[in-house]
Amino acid sequence: MNMDQNQTRVDVAHLASFDVDGAIREAADRVNEANRRSFLAGAGIFAGAAAISAYLPRVARAQGSLPKGDVEILNYALTLEYLETAFYEEANEKGALSGQYARFSKVVAAHESAHVDALKETLGDKAGKKPSFDFQGTTESQATFGKTAMVLEDTGVKAYQGQAGNIKTEAVLKAAISIHPVEARHAAWIASIMGQGSGQPSPAPVSFNPAEDMATVLAAVKGTGFVPALGGAPAGGAVSGQPAVGG
Ligand SMILES: [Fe+2]
Ligand SMILES: [Fe+2]
């Protein structure tokens with residue numbers, strides 16, 4: 001990661017209230033535009049979801065074929081992204097959410113869908129098919145939606161983190177770590193909504209985030225019963241508001 005560029009990024013949000021004639025904002029925009037161009041020219045930093053989804057397929061084509069292990073990891077990520085996308089899309093369709101929950105679900109559904117698209121394009125004909133899902137009624141109330149979303153997002157964070165050391169292709173690694181913090185933001189956002197400003201559950205609960213390996217994550221996903229093709233119906237039931245994904 002290019003720390004210098006990150007550090008020179010100008011955050012003008014807090015200046016807006018007293019920047020009456022917009023001079024500070026204009027200057028900051030010029031600095032940020034220069035940084036943006038530098039990001040793109042450097043090819044080491046991605047500038048957003050659109051850039052990633054456009055960049056990953058080019059990476060795959062340029063590589064000829066990705067190493068088998070990277071294909072497996074990308075398909076693993078794709079499965080989790082399919083799961084998240086389907087969960088939020090179902091929640092949006094059911095209409096049980098309102099206020100911050102509804103807004104969160106709509107925004108995050110779009111992110112997850114973009115992740116799916118980028119991974120599918122990268123994998124091309126090696127992309128796994130979308131499984132069918134059964135969310136066990138968790139999308140039908142705000143309370144079970146919130147608890148399940150927290151677990152799914154935490155699991156996504158641990159899953160991407162757990163593969164960082166296993167990815168062989170540098171560009172794939174860079175793309176993966178551009179998705180990873182987005183999942184962490186989703187996790188923090190839903191925790192914040194659930195806590196209603198109380199700080200519990202904490203949006204940032206630990207100093208060092210634990211990773212999880214592929215087998216652990218897949219076993220946990222199986223345990224939810226959300227993916228019937230995997231078997232493993234939940235013992236307590238995700239419907240109870242205690243989804244079993246993650247640790
Ligand atoms: Fe995602
Ligand atoms: Fe997410």
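How many residues has helix 5, and how far does helix 5 reach from its first C-alpha to its last? Helix 5 (residues 99-123) has 25 residues and reaches 37 Å, close to the 36 Å expected at 1.5 Å a residue; the expected span is 1.5 Å times one less than the number of residues.

This is a predicted model, in which local features need pLDDT of at least 70, side-chain atom pairs count only at pLDDT 80 or more, and totals for chains, interfaces and linings use all residues. Residues are numbered from 1 along each chain as its sequence is written, and chains are lettered from A and ligands numbered from 1 in the order in which they are written.

The chain has eight helices and zero strands (DSSP runs numbered from the N terminus: H or I of at least four residues for helices, E of at least two for strands). Of its 247 residues, 34% are buried, meaning that 20 or more other C-beta atoms, placed from the backbone, lie within 10 Å of the residue's own. In helix 5 the buried residues include Phe104, Val108, Glu112 and Leu119. Just after helix 5, Gly124 has a positive phi of about 55 degrees.

The axes of helix 4 and helix 6 come within 11 Å and cross at roughly 165 degrees (axes are lines fitted to C-alpha atoms over the stretch in contact, with angles from 0 to 180 degrees between N-to-C directions). The two helices are therefore roughly antiparallel, the term for angles over 145 degrees. Residues from both sides make the contact (C-beta atoms within 7 Å):

| Helix | Residues | Among the contact residues |
|---|---|---|
| Helix 4 | 68-94 | Ile73, Leu80, Phe87 |
| Helix 6 | 142-163 | Phe145, Leu152, Tyr160 |

Conventions. Parallel < 35°, antiparallel > 145°, perpendicular 65-115°, else oblique. Contact = placed C-beta atoms within 7 Å. Buried ≥ 20, exposed ≤ 12 C-beta atoms within 10 Å, placed from the backbone.
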